[in-house]
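The following explanation is to be read alongside the sequence and the coordinates.

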Amino acid sequence: MESVELKVEMVGIHEKRLRKCLSKLKGIEKVEVDANSQKVVVTGYTHKNKVLKAVRRGGLKADFWSAQNELLHAYAGVTYGTFRFSTFNFF
């Protein structure tokens, strides 16, 4: 069994679309979605590239989760006055 962590840009409606795309793949056991950090964890018996390809075919921007995303999410959660930083990939 393999776990695949993805960074998926989504809003509330996209979670349903994401789950529908992944339900078509064989071998998927569990899908965990954290909308705040835009992190998706897919657990099952399938290759990680097939999972990424299925999400992208569904029309969502996705990439594999990396340590950079953890750091960016930590800094993005900080609010200074009325400014709020978003999680862009600066690297």
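In this predicted model, Arg19 and Glu15 form a salt bridge in which the closest N and O atoms are 3.3 Å apart. The two residues are four positions apart in helix 1, and therefore about one helical turn separates them. Arg19 is partly exposed at 37% relative accessibility, and Glu15 is likewise partly exposed at 29%.

The structure holds four salt bridges. Another of them joins Lys39 to Glu5, with 3.7 Å between the closest N and O atoms. This pair links distant parts of the chain, since Lys39 lies in strand 3 and Glu5 in strand 1, 34 residues apart. Lys39 is buried, with a relative accessible area of 18%, whereas Glu5 is partly exposed at 37%. A salt bridge also connects the side chains of Glu32 and Lys30, at 3.1 Å from N to O.

Helix 2 presents two sides. Val51, Leu52, Ala54 and Val55 are buried; seen down the axis of helix 2, its buried residues fall within an arc of 160°, so they line one face. These residues pack against strand 1, helix 1, strand 2, strand 3 and strand 4. On the other side of helix 2, Lys50 and Arg57 are exposed. Just after the helix, Gly59 adopts a positive phi of about 90°.

Thr46 occupies the loop between strand 3 and helix 2. Its relative accessibility is 13%, so Thr46 counts as buried. Beyond its neighbours within four places in sequence, Thr46 is in contact with Glu2, Lys26, Ile28 and Val51.

Conventions:
Residues numbered from 1 in each chain as written. Predicted model: local features only at pLDDT ≥ 70, side-chain atom pairs only at ≥ 80, totals over all residues. Heavy atoms only, no water. Buried < 20%, exposed > 50% of the residue type's maximum accessible area, 1.4 Å probe, protein only. Contact = heavy atoms within 4.5 Å. Arc of directions from axis to C-beta.
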